[in-house]
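Let's walk through a protein model together, one feature at a time. Have a look at it first.

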Amino acid sequence: MTKFVVTCIAHGENLPQDAIDQIAKEIVKSSSQKVTVKSTKKLSARATDLFVEVAGSIVQKDFKNELIGIIEGQDDVDVIVSADNEYRQAKKLFVFDMDSTLIYQEVIELIAAYAGVEEQVHEITERAMNNELDFKESLRERVKLLKGLQIDTLYDEIKQKLEITKGVPELCKFLHDKGCKLAVLSGGFIQFASFIKDQLNLDFCKANLLEVDAEGKLTGKTLGATVDGQCKSETLLQLCTEFKVPVESSCMVGDGGNDLPAMGTAGFGIAWNAKPKVQKAAPCKLNTKSMTDILYILGYTDDEIYGRQ
């Protein structure tokens with residue numbers, strides 16, 4: 001017997017009971033094995049947990065794939081499958097992507113606007129994040145387009161344009177208060193990742209370094225090893241070791257194809273308003289407006305989240 005939690009999170013203000021009942025019925029029908037919905041727990045007006053038992057032995061990925069018709073068939077409800085075990089709520093390390101995850105923008109596109117190449121850079125970024133291009137090659141192509149830009153005077157100006165995603169500060173504070181370590185691993189650039197790390201009081205950051213010449217202009221190259229999908233995955237494991245955290249207690253949150261390796265390595269992974277191919281490949285997808293909704297995936301109620309006990 002294997003136990004799972006299926007968390008249903010509405011995009012709107014309410015999750016109707018009839019929608020919950022319908023999803024429960026479809027869960028029982030969708031699996032190749034005998035499935036029982038043992039109980040439910042209301043987390044908020046928008047979110048409910050369904051506690052499920054599968055007669056045989058099956059891993060999270062395979063059970064999620066059995067429910068793929070339900071997961072992809074909901075237009076306004078996210079359906080997340082988690083193993084019902086001690087690690088679901090006891091997360092001790094959260095690793096985040098930066099661009100289009102912790103912040104709304106893609107920093108390289110903000111820089112590209114100053115160089116007059118925003119459209120070209122955006123097109124390459126879209127293909128890379130949808131896992132259609134090798135990330136290292138895409139980064140080389142995009143950075144090359146920025147060659148000659150006077151960057152040293154623009155750092156502070158660009159930092160002021162960065163907009164932190166709704167719910168991120170509250171999520172980070174809640175997780176920190178629970179003793180969770182927080183990190184940002186970015187395929188973007190260290191000057192901005194460090195700034196976001198400080199803004200959110202994160203414990204670690206890693207990102208790429210733009211090469212600048214003696215006149216403060218971009219050379220069109222980066223320095224050092226590229227922070228790509230493999231690097232994010234390896235760094236997540238290093239952080240687990242450094243912080244003495246079981247890998248099962250780690251979680252990766254991101255939106256791009258270069259976040260998938262770390263999602264696969266971590267105990268759990270969340271595709272946040274991600275590109276279509278990433279949503280399908282990730283352990284789960286969350287397409288709501290506030291990142292505090294991640295706490296529903298961990299099983300917290302509104303009373304616990306907002307201190308109303």
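Q: What should I know before reading off values?

A: This is a predicted model, where local features need pLDDT of at least 70, side-chain atom pairs count only at pLDDT 80 or more, and totals for chains, interfaces and linings use all residues. Residues are numbered from 1 along each chain as its sequence is written, and side-chain values use heavy atoms, with hydrogens and water left out.

Q: How many aromatic pairs are there by the ring rule?

A: A pair of aromatic rings is described by the distance of the centres and the angle of the planes. Rings of Phe, Tyr and Trp (its six-membered ring) pair if their centres lie within 6.5 Å; planes under 30 degrees apart are stacked, over 60 edge-to-face, the rest tilted. Here that gives 4 aromatic pairs. One of them is Phe4 with Phe63, stacked at 4.6 Å centre to centre and 20° between the planes. Phe4 sits in strand E1 (residues 2–10) and Phe63 in helix H2 (residues 60–66), 59 residues apart; helices (H or I, at least four residues) and strands (E, at least two) are DSSP runs, numbered from the N terminus.

Q: Is Phe63 buried or exposed?

A: Buried means under 20% relative accessible area, exposed over 50%, partly exposed in between (1.4 Å probe, protein chains only). Phe63 is buried at 0%, and Phe4 is buried at 1%.

Q: Which residues of H5 are buried?

A: They are Val121, Ile124, Thr125, Ala128 and Met129. Just after H5, Asn131 has a positive phi of about 65°.
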